[in-house]
Structures are given as structure tokens and as C-alpha cells.
Amino acid sequence: MSIKETVEKGAKELTLSTIAELLDKKPEKNVEKLFSLARKLARGEEAQTQVENVYGYYKNNPATYEYIQNILKTTDKKCMKKFFVNFLGNATWYGMPKRGRYLEEEDTKVPFVILISPSMRCNLRCTGCYAADYDKKDDLTYEEVDRIVGEARDLGIYYIVVLGGEPFFNEYMLDIYEKYNDILFTPFTNGTLFDEKLADRVKGLGNVFPMFSLEGFEEETDSRRGKGTFAKVMHGMELLKERGVLFGVSSATSKFNVDTVVSDEFIDMLIEKGCKMSWYFMYMPVGDNPDVNSMLTPEQRVDLGRKTRKIRSTKPYFTIDFFNDAPYVGGCIAGKYYCHINSKGDVEPCIFAHFACDNVKDKSLIEVFRGPFFKELRARQPYNENLLLPCMMVDNTEVIREVIEKTKAYATHPGANRMINDEEFMKELDNYAKEFKPYAEKAWKDDFNCTGNYSMSKG
């Protein structure tokens, strides 16, 4: 370890130790000190600006003030410390220079977060779930996941999202969470397996921030996931709220449920249940039976962005809109700030982009990131000057076809080939992109003044 790295590590440990002490006392009384430490952790002008923006919202926006105070008052101390130390400290501060060295020295982008699907096994059979089409024999072993997570941490990745299948159906992942206690893990769960024992284990770990999948209220959720699912999710939320565990909700938005999942009634219910955030993903036409007609209409897609931004500013709640928040992160983040490792070990740029050039069973993570696929994607980003048109599959449809042709990436799911060689389906996607473009252009001008975070486009 160099002198510079030793100094960095010492400064990190001192700062994080101070944060831990403040969180051990009455954290709601130490917000100013916590923001002061956040300024020390923030690297670069952009990070400093982000800290000041959040601080400004905290001081001047009653909803943000209530939101932050609620988290500090209701969260279990260990869970709180793990979030601050693992996510803000390790992933955001300590991991940044480790990842940055690869970019500076060899033009290789190491992502901020990895999504991994260790298993496609699940106790539900949800309508339209792409995961149900994978062979259950393809599960990654404990040893393989252990190696992948270890390599990720060595590269400076301290945030890992766990998908599936059902993450809690695969019990060895609890041992992974325990072993890598300096990483923050976010399992996206159907929520049906939570009982007292599992809730206690999650609280004891501290570094697990679950996201419950909900399509809306009971009618919307059960119609897709099976009768009784909504009630089980509500029970799981109650168990975690009682224990002070941080958790959120993930909602796939189609034309049929989008109004429900952004309604005041739905958000207020989630806040009452103890939920801290919602992550919105637009329904994508992937899998064996992709349906372009179920996607958000152009009007709905623009409206979703406006409503999620309004929720953030008027309620004690945080939202992320995977598509409509693209202007804040330089467009598409696939293959740049995140990637997905499926249960066969294929490394895909996005959970919805079922193509890969490499497999982690044959290569190390850094070898994959050095490969042509992710570098080609990054070189082309942003795919559109209008960052409300971020996606290579449904907004800039020529990109996915050109990149696959140039890099010779292979399909990781049988349905993926339709995007590049099924003329009828390709025409449907082209028409969707064409129809949405004028709406995106108007919203880009009206809502963002044709300005976005282009500095993040290349990572």
C-alpha cells in the first residue's frame, strides 16, 4: 500500500469512526455534524454540489427535513451505521479512487454497483416475469458468488443489488451478506418469505436494505403475483418496521398500474408502513412474450417523471425513476455505472439487456470490464443529446443493433434475439421510439431546459 493509500485509509477510518459515534447518540440532533462530515467524504466538485443540494433541501424543504429526521429517529442503530459506513463511506468515498484508477490508467470503467442474480429459483410464478424462463439448474454456487463479491470489493465496489428469482429463497446469500459486512446489499424481494426469524437475521446483519416488489395495492399485486401476495408483503414490511430495518419498494410500471403506484393514497400507505423509498422501472418488452402494447404511453411516461419528482419534493419520501431521472446521471448507466450478472454467470450491461460478451465463470470481473462490449457502450454514450431518451433498446433502437453487430455479443435469453433479428418486433420498437420522441423533446425543454448532467455520460 502506497503512502497516499495509507493516508486515505487512515482518513477514511477516522471519519467513519466519527460518523459511527454520532449515530450511536441521538443522530437527529447531529445532522449538521453529519453533513459536515459528508462534505469531507465528497470527492470533487460534483460530489460537493450534491451534498450541498441535499443540505439545502434539508434546511429549506419541510418534506425533506421530515424525511431525514424520520430515518434518523426510527432506524436501528446498527442498520443506520451500516448504511452510512458501507454506502456513503465505502461505496461513495473509499471505493471511488479505487475504481477511478482503472479509468485513469487504462480507460476501463469499473461500475459503482453490480446487480447479481445468484439463482432463478422462486416460490412465485408471476405473470410476465422474464426470470421464470431461465433454467433453474444454472444457479451460481456459493463459491462462485463468494469469488465474484470478493473481486468486486477489491475493485472498489461496495454496493451490490441482489435479484433473481427470489433472493431470500437462496439461503446461502445470508452467509454472503454476513461475510462481506462492509458492503451494502439490496435484495429485490417478493416479500413472501419474511417471518420473525428472517426479520431478526436481517436486522442482525445490518447491511441488508430490502426492496419489496409491488405493482400497487392488493388487486394489482395479486393479479400478477398470486392471491395473498400483497398481504404477505404488508406483513414483511411490518416485521422490518418493528425492528428499524431500512427498506423500500420496487414498482414495475405499465400502462395499467402507473396511476396507482404514484398516487397519494399508495405513497402515503407506504410511508405509514415504514417504507423509505420507491424505485420505478418502466415495463420493458423482454422475455419470451414481450408486449410493446403494455409499455407506458408517451403521455404516461412523461407524467411518471413529473409525479416522481413531485413526490420527492412534497412528501417525506424518496423516489428513483429509472428512465426519467436519466438527465441527472448523464443518460443510460448500463455498462458504465452498473451491470448485471445472471445466474449462468453472463455479464450483461443492464437487467433488461439480455446480451453479453463474457462470463464470470471464465474471466475475472476486471477482465470483463476491460472487454469490448462495455467499452463500446460507454464510447457511444449519451446515445441522445436529449437525456430523456436514454435507452438503447426502446429510445435509440439502432444502438443495440449496431453494438451487438460490432462486438458480436451473444443473447443470454432466447427472447433477446427478437430485438436484433425479428423484423416485425423491431418495427414495433422503432414505432414506439418514434411516437415518444416529440413528447420527450417537449418535456426536455419544459422540465429540464435542455440541460442534463453530461459530465457523467462517459463515467
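Helices (H or I, at least four residues) and strands (E, at least two) are DSSP runs here, numbered from the N terminus. This is a predicted model, where local features need pLDDT of at least 70, side-chain atom pairs count only at pLDDT 80 or more, and totals for chains, interfaces and linings use all residues. Residues are numbered from 1 along each chain as its sequence is written, and side-chain values use heavy atoms, with hydrogens and water left out.

**View 1. H340 sits buried in strand 8.** The strand in question covers residues 338-341. H340 has a relative accessible area of 1%, so it counts as buried (under 20% relative accessible area; exposed is over 50%, partly exposed in between, using a 1.4 Å probe and protein chains only). The H340 side chain makes a polar contact with the side chain of S117, at 2.7 Å. For the record, a polar contact is a pair of N or O atoms within 3.5 Å; within protein, one must be able to donate a hydrogen and the other to accept it, and residues adjacent in sequence count only if both atoms are side-chain atoms. Skip the neighbours within four places in sequence, and H340 is in contact (heavy atoms within 4.5 Å) with residues including L115, I116, D346 and V347. L163 is also one of these contacts; H340 and L163 are 177 residues apart in sequence, yet 9.2 Å apart in space, C-alpha to C-alpha.

View 2. Reading across, the order is 7-6-5-4-3-2-1-8-9, and the pairing is mixed. At the edges are strand 7 (318-321) and strand 9 (347-348), each pairing on one side only. Two strands pair if DSSP finds at least two bridges between them.

**View 3. Strand 2 has parallel partners in strand 1 and strand 3.** Strand 1 (residues 113-116) and strand 2 (residues 159-162) share three bridges, while strand 2 and strand 3 (residues 184-189) share four. Follow I160 across: its bridge partner in strand 3 is F185. To get from strand 2 to strand 3, the chain goes through helix 7 (residues 172-179), a β-α-β crossover that is right-handed. That label applies if, with the strands pointing away from the viewer, the path from the first strand over the helix to the second runs clockwise.

**View 4. S251 is tucked into strand 5.** This strand spans residues 248-253, and S251 is buried, with a relative accessible area of 1%. A polar atom of the S251 side chain lies 2.8 Å from the backbone oxygen of L214. Beyond neighbours within four places in sequence, the contacts of S251 are L214, V261, F266, W279, Y280 and F281.

**View 5. Zooming out, the protein chain has 18 helices and eleven strands.** Its radius of gyration is 21 Å, close to the 23 Å that the globule rule gives for 459 residues, so the chain is as compact as a globular protein of that length. The radius is taken over C-alpha atoms, and the rule is 2.2 Å times the number of residues to the power 0.38. Buried residues make up 58% of the 459.
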